[in-house]
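Please look at the sequence and the structure first.

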Amino acid sequence: GVEAPPDFFPVGGLFMDTVNVILGDVDADVTVTYQIRQTASGRADAPQDVESSVWSVARTYSTPITLPAGEWEVRACAVGDEEGGLASRNLPSRNVTERYTVVACDGDACCQWRVVEARFEQVRDGLIRENASLTQDVDADRVRDDATRHEWLHSEARYLEAEHEAQEEETKAAYALGEMVRWREATRRSEQTLGALEQDMAKKLRSVLDERALIRMLNNSAASVDDGSPPEVASPPEV
C-alpha cells in the first residue's frame, strides 16, 4: 500500500512575526520528512525572474518548524520505517505542500489587526469553500439517491408488470383447461347420444323389415288360396 500523507497544523495562511508548524502522523512506525523554501516574493534580494529558492535538504521531523517573517513553503511526506514491520512494505506517501506568509509586525497594533483581519478572511473563505464542497457533495448524493430511487421504482414497475402478465397467463391456462374439460364432457355426451340413435335406428330397421316380410307372407297366402297351392313360407329377413 501507500502511506497516508502527514497532517499540517496550522495549515498554510497568513501569520504575524513567527509561526510554528507541526507535522503529525497517526502511525508510530512512520517517519515524516520535510523540506522548506522561501519564495521569491518573500525575499527582498530576489531577482525579478526567479520565482522561488530551491528546496532545502530533506530532514526528519522531530520538533515544530519555526518560520520567521517571509513567505515560505513547507513540503512533507511520510515514509515507513525499515523496522516497522508491515508498515515498511508501504510506499512513501505523496508530498503535501503548504504555503505560509509571515508578516513582521514587531508589536505594531495596526499591523496585528490587519493580519488578524486577513487571517479571519482566509478562515471564512476556507469555510465558504468547504461549505460549497459539502453542498456539491450533498447535491451529488441527492442525484445518486434520485437515480437509485428511480431505478428501484422502474424495477418495481417491471416486476408488477411481469406479475400481472403471469396472472393473466395463469387465468388463460385455467380457462383453457376448463374449456378442455367441457369439450371432453360434450364429446362423451355426443357419443352416448349417437349410440342411442344407432340402437333406435336398428330397432326401427328391424321393425320395417318385419313388416315387409309379413306383407310378403300375406300376399303369398292370398295367391295360394286363389290357385289351391300351399302358401309359401317366407324366410326371416336378414338384419
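Where does Asp106 lie? Asp106 is in the loop between S8 and helix H1 (109-227). Helices (H or I, at least four residues) and strands (E, at least two) are DSSP runs, numbered from the N terminus. The model is predicted, and local features need pLDDT of at least 70, side-chain atom pairs count only at pLDDT 80 or more, and totals for chains, interfaces and linings use all residues. Residues are numbered from 1 along each chain as its sequence is written, and side-chain values use heavy atoms, with hydrogens and water left out.

**Backbone exceptions**

Asp106 has a phi near 55°, a positive value in a residue other than glycine. Asp106 counts as exposed because its relative accessibility is 69%; buried means under 20% relative accessible area, exposed over 50%, and partly exposed in between (1.4 Å probe, protein chains only). Asp17, not a glycine either, has a positive phi of about 70°. Asp17 is placed in the loop between S2 and S3, and its 29% relative accessibility makes it partly exposed. The peptide bond from Phe9 to Pro10 is cis, with omega near -5°. Pro10 belongs to the loop between strand S1 (7-9) and S2.

**The sheet**

Five strands form an open sheet with mixed pairing, in the order S2-S8-S7-S4-S5. Its edge strands, S2 and strand S5 (59-60), each pair on one side only. Two strands count as paired if DSSP finds at least two bridges between them. In general, strands of a sheet pair through backbone hydrogen bonds, either parallel or antiparallel. Strand S2 (residues 13-16) runs parallel to S8, and four bridges join them. Within this pairing, Leu14 stands opposite Thr101 in S8. S7 and S8 are antiparallel, with seven bridges. Thr101 in S8 is also the bridge partner of Glu71, while Val74 has Glu98 in S8 as its bridge partner.

**The core**

A nonpolar core is a set of buried Ala, Val, Leu, Ile, Met, Phe, Trp, Tyr and Cys residues joined through side-chain atoms within 4.5 Å. The largest one has 17 residues, and those with the most contacts inside it are Phe8, Leu23, Ile65, Leu67 and Tyr100. At least two residues of this core come from each of strand S3 (19-24), strand S4 (30-38), strand S6 (65-67), strand S7 (70-80) and strand S8 (96-103). Ile65 touches (heavy atoms within 4.5 Å) Val19, Asn20, Val21, Leu23, Tyr34, Ile36 and Val74, not counting residues up to four places away in sequence.

**Aromatic rings**

Rings of Phe, Tyr and Trp (its six-membered ring) pair if their centres lie within 6.5 Å; planes under 30 degrees apart count as stacked, over 60 as edge-to-face and the rest as tilted. By this rule there are two aromatic pairs.

| Pair | Centre to centre | Angle between planes | Class |
|---|---|---|---|
| Phe15 and Tyr100 | 5.9 Å | 35° | tilted |
| Tyr34 and Tyr61 | 6.3 Å | 75° | edge-to-face |

Phe15 in strand S2 and Tyr100 in strand S8 are 85 residues apart, and the pair links distant parts of the chain. Both Phe15 and Tyr100 are buried. Tyr34 lies in strand S4 and Tyr61 in the loop between S5 and S6, so this pair ties together parts that are 27 residues apart in sequence. Tyr34 and Tyr61 are both buried. The charged end of Arg75 sits over the ring of Trp55, 4.1 Å from its centre; the rule asks for NZ of Lys or CZ of Arg within 6 Å of the ring centre and within 35 degrees of the ring normal.

**Cysteines**

How many disulfides does a search of the whole structure find? The search finds one, joining Cys105 to Cys111 with an S to S distance of 2.1 Å. The criterion is a pair of cysteine sulfur atoms within 2.5 Å. The torsion about the S-S bond of Cys105 and Cys111 is about -65°, so the disulfide is left-handed. Both Cys105 and Cys111 are buried. Cys77 counts as buried because its relative accessibility is 12%.
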